[in-house]
Amino acid sequence: MKCECASLPEIFYLSEGPEGFEGSLKLLDGKDWVNLYECPECGTLWAIDAWDKYRVRFAMRLGSREAWPTIIPVEEQKELLLASRGGTTDEMCIWEDCGKHRVKGVVYCIDHLYEAGARE
Ligand SMILES: [Zn+2]
Ligand SMILES: [Zn+2]
């Protein structure tokens, strides 16, 4: 079976990736709650959050072995979170002196939404 690595984004929610994606990869290493995987088909390296039933898991493509160990950067997580919420509105975050636009459907900006623990 042909792998789907080439058609996947740089970072995505594991739950929204191809079915059985994690199981199709070879586990190489694990550190600080992130696991390093290699695709046996094309050799692409993926960093995937370790399993935790209370946590949303991210998968991120790594350009090379030198990029490991890594964590999934907060800025990347925020970008994905913002995209999954549909972007921002014209209204302002309710945090005093924040000055950033609200994320759709909530009264917080992306920074304060993330701080509140939202990940998807
Ligand atoms: Zn692949
Ligand atoms: Zn804010």
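An open sheet of 5 strands, ordered S1-S5-S4-S3-S2 and paired in antiparallel fashion, is found in this structure, which is a predicted model. The edges of the sheet are formed by strand S1 (11-13) and strand S2 (26-31), each of which pairs on one side only. Averaged over the sheet, and with direction ignored, neighbouring strands are turned by 25 degrees against each other.

**Strand pairing**

- Strand S2 is joined to strand S3 (residues 34-38) by 5 bridges, and the two strands run antiparallel.
- Among the residues involved in bridging, Lys31 has Val34 in S3 as its bridge partner.

**Overall architecture**

- The secondary structure of the chain amounts to 2 helices and 7 strands, and the elements follow one another from the N terminus as β-β-β-β-β-α-β-β-α.
- The chain is divided into two parts, with domain 1 covering residues 5-67 and domain 2 covering residues 74-115, and the C-alpha centres of domain 1 and domain 2 lie 26 Å apart.
- Taken along the principal axes, the box filled by the C-alpha atoms of the chain is roughly 50 × 30 × 25 Å.

**Burial and contacts**

- The chain has 120 residues, of which 17% count as buried.
- When contacts in the chain between residues at least 6 apart in sequence are considered, 33% of them join residues at least 24 apart.

**Nonpolar cores**

- The largest nonpolar core comprises 10 residues, namely Leu25, Leu36, Tyr37, Leu45, Trp46, Ala47, Ile48, Phe58, Ala59 and Met60.
- Two or more residues of this core are given by each of the elements S3, strand S4 (45-49) and strand S5 (58-62), and the largest share, 4 residues, comes from S4.
- Ile48, a member of the largest nonpolar core, touches Leu14, Glu22, Asn35, Tyr37, Arg57 and Ala59 when residues up to four places away in sequence are not counted; of these contact partners, Tyr37 and Ala59 are also listed in the largest core.

Notes
Residues are numbered from 1 along each chain as its sequence is written. Chains are lettered from A and ligands numbered from 1 in the order in which they are written. This is a predicted model: local features need pLDDT of at least 70, side-chain atom pairs count only at pLDDT 80 or more; totals for chains, interfaces and linings use all residues. Domain bounds come from an automatic or database domain assignment. Two strands pair if DSSP finds at least two bridges between them. Axes are lines fitted to C-alpha atoms, for helices over the stretch in contact, and angles run from 0 to 180 degrees between N-to-C directions. A residue is buried if 20 or more other C-beta atoms lie within 10 Å of its own, exposed if 12 or fewer, and partly exposed in between; C-beta atoms are placed from the backbone. Two residues are in contact if their C-beta atoms, placed from the backbone, lie within 7 Å. A nonpolar core is a set of buried Ala, Val, Leu, Ile, Met, Phe, Trp, Tyr and Cys residues joined through C-beta atoms within 7 Å.
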